[in-house]
Amino acid sequence: MATHSISTICPYCGVGCGINLLVDGNTAVGVEPQPCHPISRGQLCAKGWSTAYGIDIGDRISKPLLRDQHGFHETSWDNALNIITEKLTTIIAESGADALGVISSARATNEDNYAAQKLARAVFKTNNVDHCARICHSPTVAGLKMTLGSGAMTNSAEDIFSADVIMVIGADPTENHSIIGGHIMRAQLQGAKLIVIDPRKSRLAKLANIHLQLKAGSNIALINAMLEEIISHQWHDQDFIQHRCEGFDELAAAVSGSLVTAPIATGVDSALICAAAKAYSQANNAMILYGMGVTQYVSGTFNVISLSNLALTCGQIGRPGTGINPLRGQNNVQGACDMGCLPNVYPGYQAVDDSDTHHKFSAAWGTELSNKKGLTSLGMTTAAMEGSFHGLILFGEDPVVTDPDQNHVRAALQKLDLLVVAELTMTETAKLADVVLPAASFAEKDGTFTNCERRVQHLQQALSPTGETRADWRWLAAIAERLGSDQLNWDSTEEIFNEMAALTPIYSGMSYHQLDQKHGLQWPCNEQHPLGTAILHRDKFATSSGKAQLIGVHPIATDETADDQYPLILTTNRLHFHYGCGSMTRKSPLLERETPAGILFINPQDAKQKNIHHLDPVGVRSRRGYLETRAMYTEDVPPGLVSMPYHFREAPSNQLTNAAQDPISKMPELKACAVAVTALEPGCLPRDMDTLRGVQ
Amino acid sequence: MLTLTPLPIELLSYDDDSKDSRHFSFRLLDPDAMMMPEPGQFFMLHIPGIGAAPFTFSTAPDKKGHFRALIKRMGAVTHALFDCQPGTILGARGPFGKAWPIEQLSGQRILMIAGGCGLAPLVSLIETLLKKKNVQHLALLYGAANASTQLFNPERQRWQQQMAVYNVLEDHSSADPKAQSILTGTPVDVLDSVLEQLDQFPTAVLLCGPEIMMQKVAQQFTSLGLPATSIWLSIERRMHCAVGLCGHCYLQHNYACKDGPTYRWDQFQRLSSTLSAPTNAIASCY
Amino acid sequence: MQFYQLETTLILQQHLARRFQIYQRIDDLEGDGHWQLAAADPLTTISEDLPISSPKGLFFGDRENLFSFDGNVFRETIPSPAPFALFGVQSCDLTAIAYQDKFFVDDPYYQARRQQALLIGIDCLNPCEHGFCHRVDAGPGVATDCADMILHRQPSGNWLLLVSSDKGEEALRGLTLPAADSNALTERKNQLDHCVQQFDDSPTIDQGIEILMSHNIDDRFWQQAGIQCLSCSGCTSLCPTCSCYGTHDIADDKGNIVQQRFWDSCLYESFQREASQHNPSAQAGTRLQRFWTHKFSPQTTAQFGRHGCVGCGRCEQTCPGVIGAHSIMKRLVADQENRDLC
């Protein structure tokens, strides 16, 4: 039984639920929800409920590990740091600072992330810093910056209860962001109309008033058709457009003709498209929530712009119950972006190649910084293959499982001269490292997380770090110190936070003390908004003109389409009870038991054509790779589309996915690629990835 | 007070019956520690480090504590068992559950219908009934996918001497010519023609096999006029405790480990959820 | 039964602390309460509000080692806690303990803890946000057969202490307390009646329970409601009468294998899934139907002498899918009305 209860923030998704860790001595033995938390209100999802298992010390890495030809062996921190800094120095000397990079963790704290980009910029002198937002919401950051001047969720979770129409597009919030998904279900029961746009019959699609079951990748065609319908009926908000937007005429011209081609382009009936258009535009308050089904395409940035066009045209922004709301996936991906773990911006989205910003940070940090934009994570893997990128420090990420085209990722990481991975457990990526550093879990450190609605919340440390694990900022600081730098010379997370806030206008009004008073604060929090900001763009937009940009975009085909050789389209999905690469959730016996027997979700019509029965073993092949799993019959995917969750290292969907990129944000097209599915010998067991790669 | 702690048993030997099924011989280290099971009861087998699962006794423990069970390789527990070598110490708890209603079967014309490894829970019952004299008519209809998956071949051959045994295979090729009356299809398919071959219509029917098969056969019998109170079945459920605590084997408010696994058909119908789909062959993708 | 008067509960807490470890609801900075071991010094006064979790975990452990195996011998590992007192348990949670006492009557792990426990209940004088204990015979006043002692706060600010068991009497030995006033019991009854009056008087819960007890709900209702169940396990974790568990084998630090049991939930899709993949409750609607009819059914009442639900309302608060007790009852009644209209 627990001896005490520590209030903290859930480490899984971007909702940022309040959670109490029940602690017995120095072990987490359970959790409780927090009735007083403004978002979670006493609720948790299955992942949150399993948190104690997720940080169980059973298989934790507790000492630094070095890899040699026999495998990994334990070593001291001293030795590990010496080896790391020696190699870093060599790489810088031989190939320059830009041959190094840091990939930070969207699950680590703001303080850890600030430290990571400062190490890269102020110590290594490179802007090669990135993190997994690249493959989730980089189109949001890029697209909304162009249209609204700022890439974050415009409203807050509680706005769901003020919306008359809720439009969920390319997102499955009951599975990830489950508490927000619950808000949506509750709002609908209270009278809100729910429109779901998704190629699959997600849970919310089954409850929706209108489900537009569009073809994967046809978002722009659909939204343009809705816009044409809205404009032709004069349902757009002319007043709002006139006073607060620019570019309407070009937009109207760009969408002209979309409605008539939409049924073929999207597979959705025009009557439904028109019904959705009417409902959204005519609502008093309509809110858009979106996710990977909008961003993870080669047209990702344009998809986001298209949603922005819809919201702006209808004036559904800048007020309660409205807005454009990207559901940031990880517990701190918003924070990792805010902290500038991106190759083109410093903390607070201040551009590295802007001379004023460059001077400000060079002065603040007391050293001349690089003003050259850095490589993205995918850029780093490409450069590694090309031989111009040699050293990578990576923490709290498992790109071998979660990045597209994992064979390519694996090959690139293996080519590096130095790969340092800091992790809780031995993930697939950690297995490739030269040095593995033992990281402290979220319960073993304090700091702040920023959730999807820009709320910065302060975590309390609940446990002392197990074994020799360290909070990420501490080992990053140790590397800096070994390299002779005092740039990361902090004594506490509060010191880091205060330094960061002084340089980051949107965080400038925050302090730990204030965060603790108020269940966190939503940025921008500064002199003008000392209590934070629940709703963005109320009076003006963050663009230079103060007006929002309407930008006409045209449909862009997915990089791969079905053909004779690969006749089905594969998309990816999340399951409620697993998170990311599963390194934490799969430690729970309950969540692991929930893992289905197979993870290729296929429509019975498609399966029967290939003589595949429910639960039969199947092989799935794409141009990138091959895996085996079992077929799961479901009516939730339409014929022509198969879907796989990406949580399972033994049948990783990223063996198959396409790394073709959105040219603007460099987002890979994870949501659509072409595959072939074949039945295996009946009764045989599907082979896992290790077996298929010949590793045993 | 209950105990949830197993008794130690030794794996003595095993012999394969079909591709994935083996007869395992176990020995209770303390032969007196377990109560004598009745036909239809089961035990929990513990594989330390892996887990536990319920299995039926093919033979009850003798004076030396030896007993046998027919086990099919299916999940984590059975895979681990199949990797065990003779001499390994494992755990057993039991006997559990309600046995077949032997007293009520006295004087009846009994037809047993088994599918696949559903034959196993009927084996000790058949052996027991064959030893009694007041069994008017005993017949077995046994279905399997194909000859290589048929189980208990020596036992069925022996039983053929004393009772009618109808074997039915979905895939007829490679059937053993020595086996009596091989029919083609599933027990459901051939039931009518088997009933015609019996001297008289059965007065008691016992079922064990896939739940769909048992439901279809039971429905066929009730439509032919046999009362639901004359049909019994033995079901399988996921089990952990086997003593009605962990909850996994529930049928509404009832627990299969205590109130079953043998049920009378009318009771089972009342306990079955009306919502269980005839097949679970459709998933949701979340 | 003895009745005493106390000015403050601290006198009682201090007396009991000499022989029992004291567990109390302890409030955190947010004002949320958790069952925790109270510090010996200083003891805080007790709160009358419902804690987030019931004290279920103090008897039916959320993780419990059942036995260990060293390669040859299986050894049962029954806990042997020191005597402890639960100070200030609300009526709903005490009713649930009495229910679990019956369910786990032969469970040696539960009983090893239960026998060591002294239960000091506290009457509720105001309805809590989601509670409906009065509709399921579980409060707001503590029943004398559910606790060893009962505390009741009087209008004067003093406390009435009822000693309702031999164990309770024995625990008070050595403490001299003034007897309670002769009309203290009447006053208690009046206060409790007043509390009942303050609950929402909507008949929905009663009607919903009636519908559940009548087994007259069709598939379609449960299938539709089932879509909203995320299988988060919040309800079963917080429900004070839920008792399902799973088991797994883990290694201890001495190289032994330990079988551990842990709280499980019948709302997980895999709860009944067998190794063969046969799953009698593959559909969420099936699981939901079974959960609610296990709480409210003639069979449950026959077995336990009461409903499986104690009206604590925690499921309503914690369910993201809006299918907790109140929501389900509302839905059942609305569905029945719709069907009656058709």
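This is a predicted model: local features need pLDDT of at least 70, side-chain atom pairs count only at pLDDT 80 or more; totals for chains, interfaces and linings use all residues.
Residues are numbered from 1 along each chain as its sequence is written, and chains are lettered from A in the order in which they are written. Local features need pLDDT of at least 70, side-chain atom pairs count only at pLDDT 80 or more, totals for chains, interfaces and linings use all residues, and side-chain values use heavy atoms, with hydrogens and water left out.

Chain B meets chain C through 42 residues of chain B and 53 residues of chain C, contact being defined as heavy atoms within 4.5 Å. The two chains bury about 3,800 Å² between them, 56% of it on carbon and sulfur atoms; buried area is the accessible area (1.4 Å probe) that two parts lose on being put together, summed over both. Across this interface of chain B and chain C there are 14 residue pairs in polar contact, both at pLDDT 80 or more. A polar contact is a pair of N or O atoms within 3.5 Å; within protein, one must be able to donate a hydrogen and the other to accept it, and residues adjacent in sequence count only if both atoms are side-chain atoms. The rule for salt bridges (a side-chain nitrogen of Lys or Arg within 4 Å of a carboxyl oxygen of Asp or Glu) finds 0 between chain B and chain C. On the side of chain B that touches chain C, strands S1 (7–18), S3 (42–47) and S6 (89–96) of chain B each give two or more residues, and S6(B) has the largest share, with 3 residues. Helices (H or I, at least four residues) and strands (E, at least two) are DSSP runs, numbered from the N terminus.

The contact between chain B and chain A takes 9 residues from chain B and 17 residues from chain A. The area buried there is about 1,100 Å², of which carbon and sulfur atoms give 63%. In chain B, the residues that lose the most area to chain A are B:Ala283, B:Cys285 and B:Tyr286, together 63% of what that side buries. Between chain B and chain A there are 0 salt bridges and 0 residue pairs in polar contact, both at pLDDT 80 or more.

A search of the whole structure finds 15 cavities of 30 Å³ or more. On a 1 Å grid over the protein atoms alone, a cavity is a set of points where a 1.4 Å probe fits but cannot get out, and a pocket is an open set with protein on both sides within 12 Å along at least five of seven lines; lining residues have an atom within 4 Å of a point. Grid points are joined across faces, edges and corners, and a volume is the space filled by probe spheres set on the points. The second largest cavity has a volume of about 530 Å³. Of its 31 lining residues, A:Val29, A:Gly30, A:Val31, C:Asp62 and C:Trp263 are the closest to its centre. S3(A) gives the most to this lining, with 4 residues. The second largest pocket has a volume of about 1,400 Å³, and the closest to its centre among 48 lining residues are A:Tyr53, A:Asp56, C:Arg63, C:Ile250 and C:Gln260.

Two peptide bonds are described here. The bond from A:Trp523 to A:Pro524 is cis, with omega near 0°, and that from B:Gly94 to B:Pro95 is cis, with omega near -5°. B:Pro95 lies in strand S6 of chain B.
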